[in-house]
Amino acid sequence: MPRDFDGVDDIIDFGSATSLDNIGGEPSVGSTRTVATWINLDTFGEGGFGRLLNKTATTGWRWHLDNITVSGAFILVVDRAGGTTTDFARSATNTLVVGRWFFVCGTYDTSATQRVHLFVGNSGLGTLVEPAYHATDSAGDGSGDDSAQTLYVGNRAATDRTFDGRMAY
């Protein structure tokens, strides 16, 4: 059942149980990670950067919408080395639109040349496709240990990036 996030102050705190740490394996060893959810946007969230999932402070990862840098985009960012470098992929303009259900998926593979990939699907597409990218970067060497970080859904710890719409996770 979808959860309706109000775009103002909603957040789900999953804590940092061992089962949530370094999803996909140890960050410096050839590992993969996948995050996926269904979303239906009311807006692109607080500040235009509504968070889907967040498990980072200085190392870890975050997955969010981006209607500021690129209109109608979403991005998966993997922070490394204390947040000084990142691997990321940002979808092209208008990949997502308000008021329609989308299945969004992000993958991270430390052994690949392009480490971060995005996928999107909806009833109109009938299949899951890799969208065009606005930008990607795979300059680093792994994500860093996220075991000290808390997993949040629909926001980040500072509660200033609230997701606005429905999410089925």
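Let's start at Lys55, where a polar atom of the side chain lies 2.8 Å from the backbone oxygen of Gln149. That counts as a polar contact, meaning a pair of N or O atoms within 3.5 Å; within protein, one must be able to donate a hydrogen and the other to accept it, and residues adjacent in sequence count only if both atoms are side-chain atoms. What we have on screen is a predicted model, in which local features need pLDDT of at least 70, side-chain atom pairs count only at pLDDT 80 or more, and totals for chains, interfaces and linings use all residues. Residues are numbered from 1 along each chain as its sequence is written, and side-chain values use heavy atoms, with hydrogens and water left out.

Back to our lysine. Lys55 lies in strand E4; helices (H or I, at least four residues) and strands (E, at least two) are DSSP runs, numbered from the N terminus. Is Lys55 buried or exposed? Lys55 is buried, because its relative accessible area is 0%. The scale here is: buried under 20% relative accessible area, exposed over 50%, partly exposed in between, with a 1.4 Å probe and protein chains only. Leaving aside neighbours within four places in sequence, Lys55 is in contact (heavy atoms within 4.5 Å) with several residues, among them Ser16, Asp21, Trp61, Asp146 and Gln149.

The protein averages 80, and 79% of the residues score at least 70. Strand E2 (residues 12-13) has the highest confidence, at 96, while strand E6 (residues 73-80) has the lowest, at a mean of 71. Where pLDDT is low, the predicted coordinates should not be read in detail.

Next, the strand pairing. Two strands pair if DSSP finds at least two bridges between them. Strand E12 (residues 164-168) pairs with strand E1 (residues 3-6) over four bridges, in the antiparallel sense, and Asp6 stands opposite Asp164 there. E12 also runs antiparallel to strand E3 (residues 32-41), again joined by four bridges, with Ile39 opposite Met167.

E3 also holds Thr37. Thr37 is buried, because its relative accessible area is 5%, and its side chain reaches the backbone oxygen of Ala168 at 2.8 Å.

Beyond its neighbours within four places in sequence, Leu96 is in contact with residues including Ile39, Leu65, Phe74 and Val104.

Phe49 sits in the loop between E3 and E4. Phe49 counts as buried because its relative accessibility is 18%. Phe49 and Phe163 are 114 residues apart in sequence, and their C-alpha atoms are 7.9 Å apart in space.

Last, two loop residues. Asn94, between strand E7 (85-91) and strand E8 (101-109), has a positive phi, near 60°, in a residue other than glycine. Thr159, between strand E11 (152-153) and E12, also has a positive phi, near 50°. Thr159 is partly exposed, because its relative accessible area is 36%.

Note on methods
pLDDT = per-residue confidence, 0-100.
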